[in-house]
Amino acid sequence: MNEYTIHEDDLTGEPTLALLALHLRQMHANSPVGSVFALDVSGLKAPSVTVWTAWHDGRIASVGALKQWNADSGELKSMRTHPDFLRQGAATAMLEHIVVESRRRGLRRLSLETGSGDAFEPALVLYRKRGFVAGPAFGDYEASSFNQFFHLAL
């Protein structure tokens with residue numbers, strides 16, 4: 001396992017933008033039309049969203065974001081590990097950072113929406129291992145046969 005330095009990201013650096021572009025490409029490649037809810041860079045710059053990146057030896061390892069819905073709940077967004085850091089703890093470090101930050105902000109629930117199928121299984125394993133449980137749609141989402149919703153009580 002590598003050690004990672006995680007910091008809030010201003011979404012201007014090329015490594016961050018490249019990883020987010022990869023994230024969007026992969027979401028569209030593995031999801032039915034109309035089923036991708038990943039935020040583009042302009043969506044990630046919304047005042048309700050905070051983005052972090054994890055770094056190891058000067059290289060970007062992962063990205064993740066927290067969209068705060070209200071004083072009690074937030075949503076995990078844009079989780080992606082750089083291909084060079086798969087299965088090296090980068091996603092776990094990012095997820096733990098966002099959970100800790102959510103608690104620090106006083107949130108009582110952290111939720112996420114994701115897809116179904118083989119491409120989503122590694123993320124689902126991570127979320128379940130961290131204690132997220134399947135549940136109902138939240139926020140502006142509508143349930144479909146493709147998407148899934150998970151929640152973590154904080």
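Modeller: Here 7 strands form an open sheet, in the order 1-2-3-4-5-7-6, with mixed pairing. Strands here are DSSP runs of E with at least two residues, helices are runs of H or I with at least four, and both are numbered from the N terminus. Two strands pair if DSSP finds at least two bridges between them. Strand 1 (5-8) and strand 6 (133-134) stand at the edges, each with a single partner strand, so one side of each has no neighbour in the sheet.

This is a predicted model: local features need pLDDT of at least 70, side-chain atom pairs count only at pLDDT 80 or more, and totals for chains, interfaces and linings use all residues. Residues are numbered from 1 along each chain as its sequence is written, and side-chain values use heavy atoms, with hydrogens and water left out.

Val-133 stands opposite His-151 in strand 7.

Helix 1 packs on the sheet. Helix 1 touches strand 2 (49-56), strand 3 (59-68) and strand 4 (73-81). Its direction makes about 95 degrees with that of strand 4. Contact means heavy atoms within 4.5 Å. Axes are lines fitted to C-alpha atoms, for helices over the stretch in contact, and angles run from 0 to 180 degrees between N-to-C directions.

His-23 sits in helix 1 (residues 14-29). His-23 counts as buried because its relative accessibility is 5%. Buried means under 20% relative accessible area, exposed over 50%, and partly exposed in between (1.4 Å probe, protein chains only). Leaving aside neighbours within four places in sequence, His-23 is in contact with Ala-38, Ser-78, Met-79 and Arg-80.

Now strand 3. Of its 10 residues, 7 are buried, so strand 3 is largely enclosed by the rest of the structure. Strand 2 and strand 3 pair in the antiparallel sense over 8 bridges. His-56 stands opposite Arg-59 in strand 3. These two strands form a hairpin with 2 residues between them. In that turn, Asp-57 has a positive phi of about 50 degrees.

On to strand 4. Strand 3 and strand 4 run antiparallel, joined by 6 bridges. Ala-65 has Lys-77 of strand 4 as its bridge partner. A hairpin of 4 residues links strand 3 to strand 4.

Helix 4 lies across strand 4, strand 5 (109-114) and strand 7. It runs at about 25 degrees to strand 7.
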